[in-house]
Amino acid sequence: MFEYKAINKLEKKLGSPFYILDVDKLRQNYHKIETAFKSRYENFIIGYSYKTNYLPFLCKELSKLGAYAEVVSRLEYDLALKIGEDPKRIIFNGPLKSQDDIHLALKNESTINIDSFYELEFVKEYALHHPNKQINVGLRLNFDISYNGQSALQEGYEVSRFGICIENGNLQAGLNELAALDNIQIAGLHGHFSTRNREIESYRKITQKLCDIAKEYRLDNLDYLDVGGGIYGELPPSFHQNAPSFDDYAEAICQIMNQEFSSYEKKPRLIIEPGMAMVANTFIFIAKVIETKTIREQTFVLVDGSVHNIKPTMHKHNLPMKIIRKSGTAEAKQVFNIVGYTCMEKDYLAHEILSELPEKSDYIIFENVGAYTIVFNPPFIKERPCIAAAEDGEVFIVRKKESIKQFFNEDIYMF
Ligand SMILES: Cc1ncc(COP(=O)(O)O)c(C=O)c1O
């Protein structure tokens, strides 16, 4: 499929540049995660983190496989409904939920994890208006997960800004507020932390703490414990990183769950919310070489894509990539940079590559671009490219290349 002729044919159909989603890989990821956890703890659920990549086709595919939808905004919640997700299989997280959002999610019996006190007011209002209905809510908890005297959080933050703090008494205060209404039940505890190294130890700490809190606060009838997302997926060999496997994570988390709930007839459900692990390696981005030029000692390869298409955070690590050459012959190796179509100096898709210099009309395939790419890049200077899906040797469009009419949608822009 990645021979020059085949890509050239695809370019004619899709326009250049374009993304390809590998549907079989997506299914494999889902099954690998599911098998790792389910074989150790039966009552297990995957809530796919929509924000990582909410391409509707992909969300639907994961839903068909059995994933719940983990959403963090009304937009994502409505998307889940639009693709036909059963509202009872939606997990509504995130720091911002309006009264209307919460009332709708409660009416639909979705899972809601409350992040802050202001949300409790909306829950109480709903419960008061529906005295004969049992209202189930979960609480996202905030506790210290540092170890060896070091913060485990992304960017080294000392304190996470999410959830309800345990240490300062906020959890107890929240539970007291909810206990004032007979028809509100605490259904679950949620502990997602975005950690720096995605280490096993963080998951041990999170799982153990959620179990301890359940016991300390006598939450005996919990329906679920949700340990959040943030696990590593399978990394490309060029990342040279010894990442934990799905089995490693599952072993650490499920061992604690099994130990803590061994005597329970009905064990709580275990939820994880993978994003990156599910989708990062399922997408490639193919851009075409427009020109190569040398400026003083440096060589630049200009392509018709941008760093925004593959690394919206503009980090400097090179992604795994392949050059698909039109001529088949190549000159001696040299160092070059791959740069994009925007007018920004920092639009580098890859830095200091040592390889045979690509030529005009060659293609460059950037791998591992499925997570936080297509959702995270504003269409900047150019329309958003086409996305195709590859399945059983067939390639079909799942998002068309944007047109100027769609880019400047006349329903929302005033001309
Ligand atoms: C609540 C929640 N769940 C799941 C995720 C997914 O994280 P990842 O893509 O690192 O697996 C995130 C990401 O920030 C999150 O905030």
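Where is the place of Pro 17?

Modeller: Pro 17 has its place in the loop between helix H1 (4-14) and strand S1 (18-22); helices (H or I, at least four residues) and strands (E, at least two) are runs given by DSSP and numbered from the N terminus. What you see is a predicted model, in which local features need a pLDDT of at least 70 and side-chain atom pairs count only at pLDDT 80 or more, while totals for chains, interfaces and linings use all residues. Residue numbers start from 1 along each chain, as its sequence is written.

As background, most peptide bonds are trans, and most residues other than glycine have a negative phi. Two residues go against the second part of that rule. Asp 392, which is not a glycine, has a positive phi near 50 degrees, and it lies in the loop between S17 and S18. Glu 155, also not a glycine, has a positive phi of about 65 degrees, and it lies in the loop between S6 and strand S7 (164-165).

Both of these residues count as exposed, a label given when 12 or fewer other C-beta atoms lie within 10 Å of a residue's own, whereas 20 or more make it buried and counts in between make it partly exposed, with the C-beta atoms placed from the backbone. Asp 392 is exposed because it has 6 C-beta neighbours inside 10 Å, and Glu 155 is exposed because it has 7. Thr 35, in helix H2 (residues 23-38), is partly exposed, since 13 other C-beta atoms lie within 10 Å.

Leu 141 lies in strand S6 (residues 135-142) and counts as buried because it has 22 C-beta neighbours inside 10 Å. Two residues are said to be in contact if their C-beta atoms, placed from the backbone, lie within 7 Å. Leaving aside neighbours within four places in sequence, the contacts of Leu 141 include Gly 163, Ile 164, Leu 189 and Ile 213.

The domain assignment, whose bounds come from an automatic or database source, gives domain 1 (4-16 + 281-401) and domain 2 (24-274). The centres of domain 1 and domain 2, taken over C-alpha atoms, are separated by 35 Å. Domain 1 gives 15 residues to the contact between them, and domain 2 gives 14. On the side of domain 1 that touches domain 2, strand S17 (386-391) and strand S18 (394-399) each supply at least two residues, and S17 gives the most, with 3 residues. That side divides into 8 nonpolar, 4 polar and 3 charged residues, where Ala, Val, Leu, Ile, Met, Phe, Trp, Tyr, Cys and Pro count as nonpolar, Asp, Glu, Lys and Arg as charged, and the others, Gly among them, as polar.

Finally, consider the whole, which has 12 helices and 18 strands. Buried residues make up 39% of the 415 residues in the protein. Among contacts between residues at least 6 apart in sequence, 69% join residues at least 24 apart. The C-alpha atoms fill a box of roughly 75 × 55 × 40 Å along the principal axes.
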